[in-house]
Amino acid sequence: MGDFTNIGLQGDFVPTMNEEASFWLSEQIPSKNAYVELTGYEAMLKIVTGMSSRIFVGQSLSKDQRWLRMIVEYTMDVFLISTALRPYPAILRPLIAYVSASPRTIAAYIVTMPLIYTTSSETRRKLSLIEYLTVVIIC
């Protein structure tokens with residue numbers, strides 16, 4: 001789990017989130033004196049993703065662009081898949097999902113996320129070469 005999964009007991013939550021919010025706001029709005037054009041949706045998506053990643057996976061991954069991009073894409077794909085399946089009766093949804101591309105899409109995220117998490121985090125055990133090659137070949 002991330003560095004702050006138990007921060008409610010430690011009392012470090014507010015200062016840590018303040019630091020993270022300051023970082024992501026300065027990333028999206030770099031200078032107070034310069035005109036900056038930005039898209040509100042994309043800016044908020046990056047800020048929220050970065051801050052929530054800090055809570056769940058820790059500081060090192062909260063800045064990793066591969067991780068952040070993967071989390072955003074996964075969330076959007078799950079939403080799109082669930083929206084596409086909603087018109088069908090609940091009993092048919094697993095069958096329709098199985099024959100569509102959705103299981104392969106979600107499976108790719110499920111395989112890739114642990115690779116990024118394990119290889120990026122200093123506190124986690126490194127993947128052995130055999131485990132890494134097994135996962136890469138399966139993809």
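1. A quick word on terms before we look around: a residue is buried when its relative accessible area is under 20%, exposed when that area is over 50%, and partly exposed in between, using a 1.4 Å probe and protein chains only. This is a predicted model, in which local features need pLDDT of at least 70 and side-chain atom pairs count only at pLDDT 80 or more, while totals for chains, interfaces and linings use all residues. Residues are numbered from 1 along each chain as its sequence is written, and side-chain values use heavy atoms, with hydrogens and water left out.

2. Now the overall picture. The chain has eight helices and zero strands, where helices (H or I, at least four residues) and strands (E, at least two) are DSSP runs numbered from the N terminus. Of its 139 residues, 26% are buried. If you take the contacts (heavy atoms within 4.5 Å) between residues at least 6 apart in sequence, 61% of them join residues at least 24 apart.

3. Which residues of helix 2 are buried? They are Thr16, Met17, Glu20, Ala21, Trp24 and Gln28. Viewed down the helix axis, these buried residues fall within an arc of 130°, so they line one face of helix 2; the arc is that of the directions from the axis to the C-beta atoms. Their cover includes helix 3 (40–57), helix 4 and helix 5 (65–85).

4. Phenylalanine 13 also sits in helix 2, but is partly exposed at a relative accessible area of 36%. Its C-alpha atom is separated by 8.8 Å from that of isoleucine 55, 42 residues apart along the chain.

5. Serine 62 deserves a look. This residue of helix 4 (residues 59–62) is buried, with a relative accessible area of 0%. The side chains of serine 62 and glutamate 20 are joined by a polar contact of 3.3 Å. Such a contact is a pair of N or O atoms within 3.5 Å; within protein, one must be able to donate a hydrogen and the other to accept it, and residues adjacent in sequence count only if both atoms are side-chain atoms. Leaving out residues up to four places away in sequence, serine 62 touches Glu20, Trp24, Gly50, Ser53, Arg54 and Leu68.

6. Serine 53, in helix 3, is buried too, at a relative accessible area of 5%. A 3.3 Å polar contact links its side chain with that of tryptophan 67. With residues up to four places away in sequence not counted, serine 53 touches Gly58, Ser62, Trp67 and Leu68.

7. What about helix 5? The 21 residues of helix 5 should span 30 Å at 1.5 Å a residue, and its end C-alpha atoms are 30 Å apart, which agrees. Its buried residues are Trp67, Leu68, Met70, Val72 and Leu85.

Methods. The expected span of a helix is 1.5 Å times one less than its number of residues.
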